[in-house]
Amino acid sequence: MANSPSVSYEHLLPPSWKPQVTAWLAEDTPSFDYGGFVVGEAQREAFLLGKGKQTAVLAGAPFFTEVFAQLGCEVEWHMQEGETFEPIKHVATVRGKARHLLLGERVALNMLARCSGIATQSKRIQDLARGYGYKGIIAGTRKTTPGFRLVEKYGMLVGGIDPHRHDLSSMIMLKDNHIWSSGSITAAVQQARKVGGFSLLLEVEVGSEAEADEAIDAGADIIMLDNIEGDQLVRVARSLREKWSGKRKFLFESSGNITEGNLQTRAIDEIDILSTSAVHQSVQHIDFSLKIQMPKKD
């Protein structure tokens with residue numbers, strides 16, 4: 001479910017999020033602000049306009065507001081985060097000193113464009129899956145931009161999908177390199193359980209039914225059927241369900257090369273989770289602009 005007026009994902013953000021905004025501003029103006037010197041500090045009003053050529057989801061409002069709050073400006077939103085809009089839309093009004101509006105402009109717009117793009121694509125994939133009758137979980141991945149993960153995961157949430165694990169400490173995921181280095185799936189699972197304890201879910205990536213059997217027998221909570229597609233995916237998932245029915249509890253995740261084009265063949269009842277980087281890697285950004293308004297003449 002996408003964000004709604006009664007839901008504020010801002011309340012999820014950790015204490016570290018505002019210093020991240022400070023770092024963005026410091027990166028963009030590490031020394032003198034020459035352009036700002038030209039415009040001065042007259043009080044001005046700027047309109048945030050949602051542009052582009054597609055229906056879009058607004059996401060990233062807390063970060064946008066914080067950019068300008070740190071510059072002594074105020075933001076008045078004219079729509080709720082998580083709502084969709086058609087271009088051209090007057091999304092918000094920002095008020096403050098002209099120099100400060102321009103100091104925050106590009107930082108705020110870049111963030112909003114990417115976060116809204118991720119939310120828009122997340123909603124699109126979720127809607128397509130539901131249209132195909134899929135009732136499971138649509139999730140993103142950990143293939144996010146270093147230093148920008150919080151914003152990208154936030155965009156997934158606003159778009160209505162599961163952001164998946166946030167980092168290496170959020171869940172134990174054992175992939176091929178872990179297994180090869182440990183010697184076997186069983187050995188890797190046993191070692192991970194010793195240090196991860198009962199509170200962390202454990203997922204194992206497998207490439208065949210035999211590997212899945214070993215992972216389930218070793219006690220994995222989630223079995224990732226990696227790059228298994230089409231009829232083989234259905235056959236393997238059904239076979240494993242029947243084989244382990246009443247013996248083990250686990251979830252199936254399908255991942256790898258999931259796109260809009262093949263989503264329908266992967267969105268099957270036998271799979272509990274579909275995870276894809278298509279919702280956040282190489283997504284089209286949503287075009288926004290911030291236009292300072294000419295002062296009204298008396």
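1. Terms and model. Helices (H or I, at least four residues) and strands (E, at least two) are DSSP runs, numbered from the N terminus. This is a predicted model, in which local features need pLDDT of at least 70, side-chain atom pairs count only at pLDDT 80 or more, and totals for chains, interfaces and linings use all residues. Residues are numbered from 1 along each chain as its sequence is written, and side-chain values use heavy atoms, with hydrogens and water left out.

2. Overall build. The protein chain has 10 helices and 12 strands. Its C-alpha trace spans about 80 × 40 × 30 Å along the principal axes. Of the 298 residues in the protein chain, 46% are buried. Buried means under 20% relative accessible area, exposed over 50%, and partly exposed in between (1.4 Å probe, protein chains only).

3. Contacts along the chain. Contact means heavy atoms within 4.5 Å. Take the contacts in the protein chain between residues at least 6 apart in sequence: 71% of them join residues at least 24 apart.

4. The accessible surface of the protein chain is about 15200 Å². Carbon and sulfur atoms hold 52% of that surface. Areas come from the Shrake-Rupley method with a 1.4 Å probe; for residues, only the protein chains shown count as cover. The chain carries 33 positive and 37 negative charges, and their mean positions are 2 Å apart. Lys and Arg count as positive, Asp and Glu as negative; His and the chain ends are not counted. Each charge is placed at NZ of Lys, CZ of Arg, CG of Asp or CD of Glu.

5. Helix α1. This helix covers residues 17-28. Its 12 residues should span 16 Å at 1.5 Å a residue, and its end C-alpha atoms are 17 Å apart, which agrees. The expected span is 1.5 Å times one less than the number of residues. Trp 17, Val 21, Trp 24 and Leu 25 of α1 are buried. Seen down the axis of α1, the buried residues fall within an arc of 95 degrees, so they line one face of the helix. That arc is taken from the directions from the helix axis to the C-beta atoms. The buried residues of α1 pack against α3 (61-69), α4 (98-131) and α5 (149-159).

6. Helix α9. Residues 230-244 form α9, which has 15 residues. From first C-alpha to last, α9 reaches 22 Å, close to the 21 Å expected at 1.5 Å a residue. Its buried residues are Leu 233, Val 234, Val 236, Ala 237, Leu 240 and Trp 244. Their cover includes α8 (209-218), β9 (222-226), β10 and α10. Gly 246 follows α9 and has a positive phi, near 80 degrees.

7. A cis peptide. Check the bond that joins Pro 87 and Ile 88: it is cis, with omega about -5 degrees. Ile 88 lies in the loop between β4 (84-85) and β5 (89-97).

8. Positive phi outside glycine. Asn 257 has a positive phi, near 60 degrees, and is a residue other than glycine. Asn 257 lies in the loop between β10 (251-255) and α10 (263-266). At 52% relative accessibility, Asn 257 counts as exposed. Ser 282 also has a positive phi, of about 60 degrees, although it is not a glycine. Ser 282 sits in the loop between β11 (273-275) and β12 (288-292). With a relative accessible area of 79%, Ser 282 is exposed.

9. Gly 82. This residue lies in the loop between β3 (74-77) and β4. Gly 82 counts as buried, at 8% relative accessibility. Gly 82 and Leu 58 are 24 residues apart along the chain, yet their C-alpha atoms are separated by 5.4 Å.

10. Ile 292. Strand β12 holds Ile 292. Ile 292 is partly exposed, with a relative accessible area of 34%. Ile 292 and Val 94 are 198 residues apart in sequence and 8.8 Å apart in space, C-alpha to C-alpha. Neighbours within four places in sequence aside, Ile 292 is in contact with Arg 44, Glu 45, Ala 46, Ala 98, Leu 101 and Leu 102.

11. Leu 201. The loop between α7 (185-196) and β8 (202-206) contains Leu 201. Leu 201 is partly exposed, at a relative accessible area of 46%. Leu 201 and Met 171 are 30 residues apart in sequence but 5.6 Å apart in space, C-alpha to C-alpha. Not counting residues up to four places away in sequence, Leu 201 touches Met 171, Ile 172, Asp 221 and Ile 222.
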